[in-house]
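Please bring up the entry on your own screens. I will go through one structure, and I will keep to what can be pointed at.

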Amino acid sequence: MQSLSEIDTTTKRASKASGFSWGVAEEIGKAIRNLELFGLPGIKNLNLYLNKIEKNHPKKVNKIDKENKYKELCPIYCGVAFLDQCQKLEALKKIKFYNVNYPILILPFISKASEIIGKKILMQFNKSSFLINFNKSIFSKNLEKQVIASVDEINIEFLENKNSFSDQEWTELYKLSEKTFVEENDSLKTKGAGAGLTDND
Amino acid sequence: MNKPNIKFRDPNEIMKLSRLGSFHQSKLSFLRSFIREFKDWDYKRSLFDLDERGYGTAIYSFSKNARSYSLICFAQHINPDERSDRVIATKWDAAFVLHDGIPTKEDIKRLKENVPKQEVGRVSYKELTLSRANKSVRAFDHAVDSLSLGKQPDKKLLNKVGYLYRTTAVYGSGKFGLADRFRIKDRKEIYGPFRLEMMLVYLVRQFTFDQVNHIAKSKNPDKAIELDLNIARNLGIGNSTGLGMAPFIVNHPTLLHNWIYCREKALKEIRSLEEIDVNELNFFKDCLVKSKNSINSWTTDSKYQNNKINSLKSGLIKFDQFLENKCSVKQKYLWNKIYTWAENNLEDECLEYIVSMMMEPYDNIIDPLINSMSSEEEEYFTIPTHKKVFDLKKILENNYKSIIKIDFNTKDSNFNFWFISKNKEEPRVASRYEERGAELEQPLAIARDIKKLYEKIIKEKQTNTIADFLLKNDEIRHVVRRAFIVDRFPYSEIQDNTIGASLIPIDMLRLKLSFFGAVKFDPRSDKWLRINMYQGAPLSHEMKTSNDTWVYNVVN
């Protein structure tokens, strides 16, 4: 089994060899390491993508807007630009990328962005969806294939920080927790917290 | 006397390679903090299955409560023409792995098939560090011959070498399938950096004594005697170290900062002491006197190193006179007086020696710093792209003062390039004007790339964000990251040109080795050197009662 350190180093070197700058290659190393840590097929997808761009290095991404239409979009340049601009992009709430190659590779950059801005992010393409939790975990649904060479459209949504449960569910739980508390009688009220008899001094 | 205004030393001076290459072991060093941390652990030799020639398997362990660490040693026969300390070697007299826990029979079988192969073998997440070593044939054979005849070996010969074996690499942190650091980093006993590497080397030292005794006994069962404990204690483990360490300190900027920062913080706190107890001063003097044994037995053929040793010796003569005639505990802020005098009167080699020695009396200052010497580089990896170009410009001007003045249009400034060799995957440095391969240069020309960044930054609209800047300038992204790191960690960057014609790479190695606690730096060229570790250290059965000044127990 390869260690995460080996994955990081080898990925970085392979990415540099494929024409990315050292700084971007460093980002890719950390990104693929994280994907593998989350149990997602980072090495598999990166290998295929680096093969694809061997003779024709992808175009860099300019500023990211609400809708980003390119003939072909590099998941790495796209991911790095998203990460760099994430604090501005949050205001857009929803972002679309079109014609993205190997979309799984964009995930770790979005994941890091989720940590930076402190919000969960939902990413969807085809029938698959990914709930990205502050770079602590990625919850994936309907990811049918380990390798997806390209998708027509990726939707990204910044999720507001809100509860995943109703007020009623919370109240119910809170009531149960109250059973660990002691009902105070008059004596406990005056002595329990060690307070004086008056604060008018 | 008014309280002096004592500040941290300026990174622009301390982080010069000539200064970093003058650092010495100290109370902060990892060999010493390893022994302090593990002295109350239970040591055990649980297997010693060597044949009469000393080949086979041995296992040593440290245990406490439910935790155990086991060193598994594999010793084998190699021909003299196969013995090489260089990284190109493929066979070694012995290979070692530190296993997490007690190894099963299956583990030992698996490791036996892989560990002797080193880089071409594979280990697992259950292993923590990996190493190999060769005998110092003249010392080892002499020891075996003498002991087998019932005589102790010639101390003079052994002292000259200083060890029976020397390691040629010690690997950790995920190399060749070893456990990633994240798996074990929360264990309190290994908070200090390189602690498991230090454990491996310590246990290897014990193996070398056991092996030499075993072979002598097998050779002549009736007459053989065991190596005298005083002689053994005076032996360490040698190490041949090459360029692999140099990129490490560039690639781990916050770790480098934490090492230097702790040293500087210790110095600042000691200089700030108003009153000094006579016992503290005497302790310092005692360590200084004893340490001269080690300096006097420090030999090398390197002219570069001999000049430094001579500078140290002559500096210490001047210092002794100053200490004797001008210093008294009645003086307030005596340490500050001592340091200030040393700074004004001594060269780097001796000045940094005195700095190390000043730490000796102060467990209360040093101990709390030890656990701050590790770092999680990844926590500082993300570039704060919301910041503005003017922020970055200010950082560059404050933190790279001398670097942004270097003229990189000259041949000398661009002379070298760092690369990874294909056959051994090890770092190398060569002249870009004489050798091929510069197009595959590693990102270790930090000074040059910082200068390039600065030249772009001053032309950029200052209110742009770093995110905007990076959209057009991703080829220097790696140094943008570094600049924001140095802003928070001022000792994280070497303030020199690591590709200049005057580069002496062993200065980078010495910096790291001094923090390990290595002594007797012996450069064999400007790119590799030999050192000694654990010379004078307590033997395994003596650890529990040892004191921290063992490093000064070396006798000539």
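How many bridges join strand 1 of chain B to strand 2 of chain B? There are eight, and the two strands, residues 42-50 and residues 56-64, run antiparallel. Before I go further, please note that this is a predicted model.

Let me stay at that pair. Phe48(B) has Ala58(B) in strand 2 of chain B as its bridge partner. Five residues lie between the strands in this hairpin, and Gly54(B) there takes a positive phi near 90°.

Strand 2 of chain B also pairs with strand 3 of chain B, residues 67-75, through nine bridges, again in the antiparallel sense. Ser61(B) is partnered by Ser70(B) in strand 3 of chain B. Here the hairpin has two residues between its strands, and Asn65(B) in the turn has a positive phi of about 50°.

In chain B, nine strands make an open sheet with mixed pairing, and their order is 1-2-3-4-5-6-7-11-10. Which strands are at the edges? They are strand 1 and strand 10 of chain B, the latter at 519-523, and each of them pairs on one side only. On average, neighbouring strands of this sheet are turned by 25° against each other, with direction ignored.

Further along the order, strand 4 of chain B (residues 94-100) and strand 5 of chain B (residues 127-135) are paired antiparallel over six bridges. In that pair, His99(B) is opposite Glu127(B) of strand 5 of chain B. A helix packs on this sheet as well: helix 20 of chain B, residues 506-516, touches strand 7 (236-241), strand 10 and strand 11 (529-533) of chain B. The direction of helix 20 of chain B makes about 5° with that of strand 11 of chain B.

Next, a helix pair in chain B. The axes of helix 16 of chain B, residues 389-399, and helix 19 of chain B, residues 477-488, come within 10 Å and cross at roughly 65°. With that angle, helix 16 of chain B is roughly perpendicular to helix 19 of chain B. The crossing of helix 16 of chain B past helix 19 of chain B is left-handed.

Which residues make the contact? From helix 16 of chain B they are Leu392(B), Ile395(B), Leu396(B) and Asn399(B), and from helix 19 of chain B they are Val480(B), Ala483(B), Phe484(B), Val486(B) and Asp487(B). Sorted by class, the residues of this contact are seven nonpolar, one polar and one charged.

Helix 19 of chain B comes up again when we turn to the other chain. Between the chains, 23 residues of chain B are in contact with 20 residues of chain A. On the chain B side, helix 18 (466-472) and helix 19 of chain B are the elements that give two or more residues. The largest share, four residues, comes from helix 19 of chain B. The side of chain B that touches chain A has nine nonpolar, eight polar and six charged residues.

That brings us to chain A. Chain A has seven helices and six strands, and along the sequence they follow the pattern α-α-α-β-α-β-α-β-β-β-β-α-α. What is the radius of gyration of chain A? It is 24 Å, whereas a compact globule of 201 residues would have one near 17 Å. The C-alpha trace of chain A spans about 85 × 40 × 35 Å along its principal axes.

The six strands of chain A form an open sheet in the order 1-2-6-3-4-5, with mixed pairing. Why is one side of strand 1 and of strand 5 of chain A left without a neighbour in the sheet? Because strand 1 (67-68) and strand 5 (137-141) of chain A stand at the edges, each with a single partner strand. Inside the order, strand 3 of chain A (residues 121-125) and strand 4 of chain A (residues 128-133) run antiparallel and are joined by five bridges. Met123(A) has Phe130(A) in strand 4 of chain A as its bridge partner.

Last, a helix pair in chain A. Helix 2 of chain A (residues 22-37) packs against helix 5 of chain A (residues 107-117) at an angle of about 90°, and the axes are 8 Å apart. Helix 2 of chain A is therefore roughly perpendicular to helix 5 of chain A. Ala31(A), Asn34(A) and Leu35(A) of helix 2 of chain A meet Leu107(A), Pro108(A), Phe109(A) and Ser111(A) of helix 5 of chain A. This contact has five nonpolar, two polar and no charged residues.

Methods. Residues numbered from 1 in each chain as written. Chains lettered and ligands numbered in written order. Predicted model: local features only at pLDDT ≥ 70, side-chain atom pairs only at ≥ 80, totals over all residues. Axes fitted to C-alpha atoms, helices over the stretch in contact; angles between N-to-C directions. Parallel < 35°, antiparallel > 145°, perpendicular 65-115°, else oblique. Left-handed = near helix turned anticlockwise from the far one by under 90°. Contact = placed C-beta atoms within 7 Å. Nonpolar A, V, L, I, M, F, W, Y, C, P; charged D, E, K, R; others polar. Pairing = 2+ DSSP bridges. Rg over C-alpha atoms; globule rule 2.2 N^0.38 Å.
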